[in-house]
Structure formats: structure tokens, C-alpha cells
Amino acid sequence: MVDVWFRKFGFSRNPFNIKPAAFSYELVGTRVDGVLSSIEEGKVLFVEAPLGYGKTTLLKSIIHRYGGNRKVIYAHSLNSEGIDVKGLLKRSSFASFITGSLPSGMILVVDESQNAHPDSLSEISEFYRSGNIRAVVFFGTKYRKDLFSSSLGQVMNGDVIRLSGPTPEQAISMIRSRIGNLPLLSNRDILSAYRKARGSPRRILQLCEDICRAGAERGILSSTVPAPGPVYQSQPLEYSEPEVSQPIGQASATESSVAVKPAVAVAHKKRKRVVTAKPVVAAKVVKLKPARPKPASMKAKSRQSSKKPASVKPSAKYSVTYKQPVKAEPEPIPEGSYWGEFMGMQK
Amino acid sequence: MEWFEELGFTENPFDTDAAFSAQYSAGLESQLEELNYLVNSGSFVFVEGEPGSGKSVLLRMLAGKFGGRVLSVDAAIDGNIRSAVKSRVSVFGYLLGRSPRNLVALVDNAQSLSPDGFEFIKYGFDNNQFSAVVLAGSALKGIPDSILDRVGNRVVKVPFLTEEAALLMVKRRLGSSQLLEDDSVRKLYRKSGRNAKKFLQLCEEAAKSLSAEVDVNG
């Protein structure tokens, strides 16, 4: 389907995909390292977070990091059945499967642990003591202390890590790591999605997808001027008025204009920059190519809101207002916030 | 002789079976388009509509668009859909082992899924066995939070039947036959409570009584 909005912008798949598997390379940072070091130290850990906050993404990155199915057992607490821990151990490698002897030193990750069954927990505890399992990470929406203490007792020697949601700035980083400087979505749009989402990463992604899709379908290719320079820096991000009434067809002259028509020429131009949905993310702040210096935007900054853009009205539904430039307050990154570390942001 | 045969049809033109109805549907075009996008963008979707509104028909049309990549199950038949999935997927080996990718899961009567069934769907979506999931049901109530969280606002509501759509549906089904005139159709529509299935059933009753007249008159 060629006319899907993200394909027009050069993405082969939806950049706002909510699947945990979709962008598993996103996860870096010391908080994540906290989970990893707990595994290295052979502890039993519980990671607690609300729905849509990244538990399963983190879980999958652990599997990936430790070498896949032969080193990591992925268990999934279904409601009625417990976890067949022994069965999982047996099936983890061909050798075990054939000989029936159980492997040792396996890492166990358990998703949906709010549904954990006491019998399964006891079984896990046994295999942990005997060395077949060397570390456990439980993931769930709720840590039930009574259940875990009674079944695992002293074995539950790791911490309970609670994942909090992203700060507004971190949300922007998360989105930008997926779509780069795509002008279809301004930082202000991201912030309004963040507010509406009440901080849930999954919801932020869905709302941003809605905004981009609506914009693209209405032929709006950029909603505000992208901030000059790399987007990730934690300094006040200034927003400026979009260029007023660029004549249609000349939209490619500057990137700061609001294109009325789905100018295919501009789309092609963008396509070059936004080639793939996989930016490379290192443990540091990602260096995006800074947007070209735009003298036009400098002028636009000083312009006040007296002249509203006459050429196009974005859909009222998404409340992208052009009334005043908004300054984003730099949010201090809270200690221990998963999302700060998640994006490798400087403290 | 079946009543519709007496009237010159080879099959019941008012059959409400989903596969049959999919060929003659009217009034669901924008929902289908929306679903098409949502499936192509890898979403987790809920199709909401009262019984008889056309959910199964929509799923059927969607299956048509995605061909062999689709896994259709009806949770009303088996709330723990694993067995249905296994038999479909056995060609590829055990689903959780050597797994297929990019299947589109279409689940009808989602409110009948067992807790295990929900977990299974969720697992399949998270691990990309299913590139997209469409659940169809009469209400969001009773669907677990973890599923609803993935759905978010991707809820496609099946609309009430409009008079326009009703007329169009009948025209398509009857073809060139003048069996039911527009006025009669309008009357039947007004009795239908804007429910597509009910409407078709009323049409069938009306058609049957017409065929009875044919009988009586020789």
C-alpha cells in the first residue's frame, strides 16, 4: 500500500509501532544497566511498571543481549496454568531436550508476573537454589509482596525496580529517535500528545501517529519550524511562527514553510533525509545532523502572532495552535528516572 | 423447491452469512478503509458493534484484502483459540517455536475469548507473530486492561444501518429482480431498528410471503 502516510515519508514501516520488538535497540542507559547488573550478580529482581511503559521492550532487550533462547528462558504467566519451569528448562536446548538433563546457569525472565502462581514461584525458587537458573527478572504491573515473599522468601534478594514514565523532554527524545527531525510533528505536538497520554509511552506513540497521519492526509507537511540544531539538547527549545503563505509549489524553497498541497516534490526531498526507520542509537546523546541554518526561521522568530498563517488550517482536532511561540521549560531529569537513563540523557 | 427458487434465485438473496454478505455489503466502506490502514500500520484494533451490525462481514472483507496472510478465528467456537491457531499454523511448525511472521489475526466474538486466549493474542502481537490484530466484539467491557491498553483509541465502530445503505444492499442482492420495491424496502428498514441483520431477516420474511402469493396464484 503505497499511499500509507509513513511510506510517503520513506519509512518502510510505521515508526510509531507500539510493539515491544519494534525498536528494541532503543534501550540503553544506566537504569537499564541496573537491571543488567542485577542479572550479572545472579539476583532475583522484580520490575514493576504500568501498562505501556516499556516492560516487555526491556524484557526483549535482555533476551537479545544475553544470547537468545539458549541462554534466556522466557516465561509468561498465564492465568490458569502456572509456568512449567521444568519443561521450559528442558526445552531450552537441544541437548537438554534429548538427554533430559537440565541445563544450568540459565537466566529466567517472566512477563505478566502480576499473575504469578505460587506453585510456579516455588518451583523457580528451587531451580534457582540448585543453580539451573542463575538469575530471574520478573516483569509485571504489580508487585505482590505477600505472594513473592511467601513463595520466594529469601531468594527474593534483588530489588523491586519501579519504572516511572518519561519526562516531557524524554518523551520528545523518544519520538525523535524514531522519526528524526520529520517536520510533520513538532515538539509542541509531541508535548500535547504527552499531556493527553498522561505520560504513558505507548499512548504517546499512538497519539503522535494520529497527528502525523492526520497531517499527512491533509497535505500538511510541517506544522511548525523545526528547532535549529540537534533536537536532543536540554536547553530551552524555542518555537517560532511558521512561514506565512508560501506559494503552493514553492514549498521546497525553504523547509520552514507549511505546504498546503501534498507536494510530492517536497516528499521526495524529505525522503532522502529520512531513509530508514532505524536511527543508530548509542549510549550517548544521539547526534542528529543539525538542520540547515535557516535565516528565514530567524526572521520568523521575531515575528509576533499578529499574522496568523492564512494558507492552511490544521485540523482543530489536534489543537496545534499558532497563537504564540511557546518556550519549553527544561525539565530537570529526576534521579532514578528510567526514561532519563533510557535515552542516555546527560544529567 | 425453496422459496427463493420459486422466485427465480439460485440462493437466498437475504442470507446473513458473513461470507455471502461480504459481497453485497454497503455502508461499511469507510470502516474498511480505516481497518486497512490500521492493519498496515501494525495496530491492535477493536471493532465494536452490536450483534448483527456487520462486524463479521467487515472481518471477512478485511480477510479478503489480505489473502493468505490472515488467521481468522471465532472465539465463540473456542474461547481458548490455541487449537484453532495450531491447526492453521501447523504447516509452519509449532507457533511459539518456528513461528510465522506477519500474520494478521482476526478474532470474531472477542468477548468470548478465555483469559488464556487473550494472553495468547497479546503474546502473538508483542512477538510479531501477528503483524496486526483485529478483535471484533459487541463491547469493550470484559476485555482485559492489558488488551485495552494496546488498543488505545484504535476502536472502529460499526455504524447503524442507514436507509441509503439498506436500499443499496437490497439492490445489490436482488440484482435485476424487482422483487422488493424501494418503498417496501424503506418500510422494512424502519422496522429494523437500524440493525443490518434484522433488516435482512425482515426482507427475507417479506420475500417469502411474496413467494407464497406466487404459490397461491399458481
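This is a predicted model: local features need pLDDT of at least 70, side-chain atom pairs count only at pLDDT 80 or more; totals for chains, interfaces and linings use all residues.
Two strands count as paired here if DSSP finds at least two bridges between them.

Start with strand 1, residues 44-48 of chain B, and strand 4, residues 130-137 of chain B. They pair in the parallel sense over 5 bridges. To pick out one of them, F46(B) has L135(B) of strand 4 as its bridge partner.

Now the sheet. This is an open sheet of 5 strands in chain B, in the order 2-3-4-1-5, and the pairing is parallel. Which strands stand at the edges? Strand 2, 70-74, and strand 5, 155-157; each has a single partner strand, so one side of each has no neighbour in the sheet. On average, neighbouring strands are turned by 15 degrees against each other, ignoring direction.

Next, the helices on the sheet. Helix 4 of chain B, residues 55-66, lies across strands 1, 2, 3 and 4 of chain B, and runs at about 165 degrees to strand 3, 103-108. Helix 6 of chain B, residues 115-126, also packs on the sheet, where it touches strands 1, 3 and 4. The direction of helix 6 makes about 150 degrees with that of strand 4.

Last, a helix pair. The axes of helix 8, residues 163-174, and helix 9, residues 182-191, both of chain B, come within 10 Å and cross at roughly 125 degrees. The two helices are therefore oblique to each other, and the crossing is right-handed. Helix 8 contributes E163(B), A166(B), L167(B) and V170(B) to the contact, and helix 9 contributes D182(B), V185(B), R186(B) and Y189(B). By class, that is 5 nonpolar, no polar and 3 charged residues.

Terms used
Residues are numbered from 1 along each chain as its sequence is written. Chains are lettered from A and ligands numbered from 1 in the order in which they are written. Axes are lines fitted to C-alpha atoms, for helices over the stretch in contact, and angles run from 0 to 180 degrees between N-to-C directions. Helices (H or I, at least four residues) and strands (E, at least two) are DSSP runs, numbered from the N terminus. Angles under 35 degrees count as roughly parallel, over 145 as roughly antiparallel, 65 to 115 as roughly perpendicular and the rest as oblique. A crossing is left-handed if the near helix is turned anticlockwise from the far one by less than a right angle, and right-handed if clockwise. Two residues are in contact if their C-beta atoms, placed from the backbone, lie within 7 Å. Ala, Val, Leu, Ile, Met, Phe, Trp, Tyr, Cys and Pro count as nonpolar, Asp, Glu, Lys and Arg as charged, and the others, Gly among them, as polar.
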